[in-house]
Amino acid sequence: MARPVRIAVLGADGRMGRALVRAVLAATPRAVLAAASERPGHVSVGKDAGVLAGNERAGVEITGALPARGVADVWIDFTSASVTESVAQTAAAHGVALVVGTTGLGTHARAALDVAALRIPVVYAANYSVGVNVMLKLVADAARALGPDYDLEIVEAHHRGKKDAPSGTALRLAEAAAEGAGRDLAAVARYARHGDIGARSATEIGIQTIRGGDVVGDHTVFFLGNGDRIEITHRASTRDTFAVGAVRAALWVAGCQPGLYDMRNVLGLGF
Ligand code: NAD
């Protein structure tokens, strides 16, 4: 039998980090939790990652630094956008594969992933749920088939603690809609409406945000026509859906050549 893929979870005491620790432990014997890290000085440093995640002891203490060289085959990073650049640089220097779920990345962090992908395999996805990745294809197909008579609008809702807006998934959905409709998202995205704004233009794609409560993640894409409309909705009810997808990506990417991949590659979705 092939040896298990050694996975390190970064941000291990975060909302996603705890779900990731559980998902890695549940993927035994294909995966093993090799390391768990938090930011320096975090209260969880020195504690057992399995216990913090609500499981049995995993025998893996949370460290306040990135995993040491050679400890893991893959790092999974769901931390903070300000951290991703140095994570990508260190992963590339260590020759370890990388799965990044952190959203709200700026241009430097995105560029750092591109540079790292010259040396190591990197998966980057704004949403690791299998359902959302199928929805991306449905949205692109619908936008293409419905044509210019349908107005495109996207609404997303997330819990009150989410820091970036709109969600990375809403942006990916907007890209898929724009691609299907043959438009340049940068030119047509409309992120806010307030005051005497005039009539809607035919080509704009509206992207609106709701924040509150414990909403794990809801996304609806509206195709609004004269006399009918289509709404495609995805609702995540637990973070485990993202964690299971990210662990699937980690198991897949461990054997890959250097390059930048996304969930379409992991799932073999041909679009
Ligand atoms: P969170 O704030 O609960 O957790 C982030 C954790 O990262 C915290 O525990 C923090 O201490 C830790 N951290 C910060 N700096 C660190 C460092 N240098 N090294 C190690 N750990 C560090 O946030 P969350 O809700 O778990 O979300 C984390 C990220 O994942 C966000 O960007 C969120 O949008 C994204 N997310 C992505 C998906 C997806 O499918 N791609 C799904 C859910 C959330």
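Helix H6 (168-181), strand E10 (217-224), strand E11 (229-236) and helix H9 (263-267) are among the elements that cover the buried residues of helix H5. Helices (H or I, at least four residues) and strands (E, at least two) are DSSP runs, numbered from the N terminus. Buried means under 20% relative accessible area, exposed over 50%, partly exposed in between (1.4 Å probe, protein chains only). Contact means heavy atoms within 4.5 Å.

This is a predicted model, in which local features need pLDDT of at least 70, side-chain atom pairs count only at pLDDT 80 or more, and totals for chains, interfaces and linings use all residues. Residues are numbered from 1 along each chain as its sequence is written, and side-chain values use heavy atoms, with hydrogens and water left out.

**Helix H5**

H5 spans residues 130-146 and has 17 residues. From its first C-alpha to its last, H5 reaches 25 Å, close to the expected 24 Å. That expected span is 1.5 Å times one less than the number of residues. The buried residues of H5 are Val132, Asn133, Met135, Leu136, Val139, Ala140, Ala142 and Ala143.

**Tyr128**

Tyr128 sits in the loop between strand E6 (121-124) and H5. Its relative accessibility is 2%, so Tyr128 counts as buried. Beyond its neighbours within four places in sequence, Tyr128 is in contact with residues including Phe78, Val99, Val123, Asn133, Ala249 and Met263. Phe242 is another of its contacts. The C-alpha atoms of Tyr128 and Phe242 are separated by 4.7 Å, although the two residues are 114 apart along the chain.

Where the prolines lie: Pro29 is in the loop between helix H1 (15-26) and strand E2 (31-37). Pro166 is in the loop between strand E7 (151-158) and H6.

| Cis peptide bond | Omega |
|---|---|
| Thr28 to Pro29 | about 5° |
| Ala165 to Pro166 | near -10° |

**The whole chain**

The protein chain has 9 helices and 12 strands. Its radius of gyration is 20 Å, close to the 18 Å that the globule rule gives for 271 residues, so the chain is as compact as a globular protein of that length. The radius is taken over C-alpha atoms, and the rule is 2.2 Å times the number of residues to the power 0.38. Along the principal axes, the C-alpha atoms fill a box of roughly 60 × 40 × 35 Å. Of the 271 residues, 48% count as buried. Among contacts between residues at least 6 apart in sequence, 69% join residues at least 24 apart.
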